[in-house]
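Let's walk through this structure together, one piece at a time. Keep the viewer open as you read.

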Amino acid sequence: MGPVTALPDLLRECAPRVLAAVVRRYGDFEACEDAVQEALLAAAQQWPREGVPEQPRHWLITVASRRRVEMLRSETARRRREEAVRHDPEPQVRGDDELALLLLCCHPSLTVPAQVTLTLRAVGGLSTAEIARALLLPEATVGQRISRAKQRIRDTGARFEMPAPGAPLDAVLHVLYLIFTEGHTASSGDTVNRVELTREAIRLTRQLHRRLPDDGEVAGLLALMLLTDARRSARTQGGGSLVPLAEQDRRRWDAPAIAEGVAIITHALAHAPIGPFQLQAAIAAVHDEATRAELTDWPQILLLYGMLHALAPSPMVALNRIVARAMVDGPRVALTDLDQIAGDPALARHHRTAAVRAHLLEMAGERDEAREQYRLAARLTLSGPEQRYLESRAARLRPGVYRPEDGKSQQA
Amino acid sequence: MKYVILIQSNPQSLAVWETLSEQQRTDFGLGHLRLTDQMRDAGVLVASEGLGDPALATQVSVRDGKTITSDGPFAEVKEHLAGFYLIDVADLGEAVAWAARTPDAGYTRVEVRPVLDMSEWDL
């Protein structure tokens, strides 16, 4: 009998395998998911009172299967299916179940918000209320999103099946990354739940990595999450304001997480075909390995952004590459680069373009123009903490205000 | 991404309203109720309300720790907020698609604005 405090974690750990086992046996995701939720609810009520059973997962599978059978019976009573059902062997847990479940939750027929929500529910084992708190949505909306997603999976006839070796994981990795970034801050109103999303994303990615240790992009994503999350406590200060990377107190970074992330990405880069998540993790690793901002290996970062740009070009990668360029070749060269890409429709109204231009102008000593661009960036951003940060950068460029640290990197 | 669909009342929209038949006005109202249901069913609705007349507004301010109230709208403006939908969708394109289904969009126009997110931060 385990300690009761660990119960939510235990249930969450069991949930996806239980669901996968029941779905594999009975086929229909929608009804099985309901049955598993009822089993989890029963466990949450009974276990604190009666103790955790010796084989919790087995207990949950049994209760969920029984519930599913009851549902099946009431549906098909007249068709006399009970006998067949009663003599079916109990579903067993299989290794690849969780992966199959992830792929089902990230089914291409679902919208991305639906994929995220369903993954948190079915694979993450979070309740509707927990998801609602974490995503800052009404519970009814989350409930509706889940039931609609399940219905859609049923309608498209998607089946729970073992993924073929090398099946594309792009959608799964994208969803896990979104869950991570959704939680990647300590600045929103409901800090605890946000951090929980980050932990959940890391936990799920870690499981996936354990299942597919040779997949370079899974390893890259896990490393990226660890290396980014390692800076969490240094990223914000009192009042939730953001601290840019160059000004963070690096002693507050999580050294074990950095060591783990570096080990994972180093191994992946040496053994797997290169991919975008691995390159992003490598960039994060270069930052994390600099004990002081001045020691950052910018030529290396510029090189990695160049590779990332060649492999998976995007406006944001282009912007980050320009920031690295400025650190290597100076702000004037980088400003010329920026002028060349700023006309891209995806960048023209994006706050990040103005923020990078402001940063480069500040480095070049053009204080008035820099202040204007920081203000423009503050107006265009949709992130509250970022808005405050950009306004504060503009404020310290007011005429007459001199700060010796002017010109530092503003990446966070 | 959360977006708010803002529905303004202004001289243009009031003029259009004057031209509508009883049946058209009923359809207009039912259209909003149906849209709310559709948003809820799709799992995108965060909140949606129509607002009371600005004549029913109360202005609130605090000075020296005292709450001071006065009745009526903030100023004699020609335009005021009549209602809103707050939705959570994947992107602007989806938000615009929902906005296009408001009855107002067919007669006048509605505005889609992104909501500030207190959590996002570029890596």
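In this predicted model, helix 14 (residues 276–288) of chain A packs against helix 15 (residues 298–311) of chain A at an angle of about 165°, with the axes 10 Å apart. Helices here are DSSP runs of H or I with at least four residues, strands are runs of E with at least two, and both are numbered from the N terminus. Axes are lines fitted to C-alpha atoms, for helices over the stretch in contact, with angles from 0 to 180 degrees between N-to-C directions. Because angles over 145 degrees count as roughly antiparallel, helix 14 and helix 15 of chain A are roughly antiparallel to each other.

Now look at the side of helix 14 of chain A that meets helix 15 of chain A: among its residues are A:Leu279, A:Ile283 and A:Val286, while helix 15 brings residues including A:Ile301, A:Leu304 and A:Leu308. A contact means C-beta atoms, placed from the backbone, within 7 Å.

Over to chain B, where strand 1 (residues 2–9) pairs with strand 5 (residues 80–88) in the antiparallel sense over 8 bridges; pairing requires at least two bridges found by DSSP. Here B:Tyr3 has B:Ile87 as its bridge partner. Strand 1 of chain B is also joined by 4 bridges to strand 6 (residues 111–114) of chain B, again antiparallel, and B:Ile5 stands opposite B:Val112 there.

A few notes on reading all this. Residues are numbered from 1 along each chain as its sequence is written, with chains lettered from A and ligands numbered from 1 in the order in which they are written.

Key. This is a predicted model: local features need pLDDT of at least 70, side-chain atom pairs count only at pLDDT 80 or more; totals for chains, interfaces and linings use all residues. Angles under 35 degrees count as roughly parallel, over 145 as roughly antiparallel, 65 to 115 as roughly perpendicular and the rest as oblique. Two residues are in contact if their C-beta atoms, placed from the backbone, lie within 7 Å.
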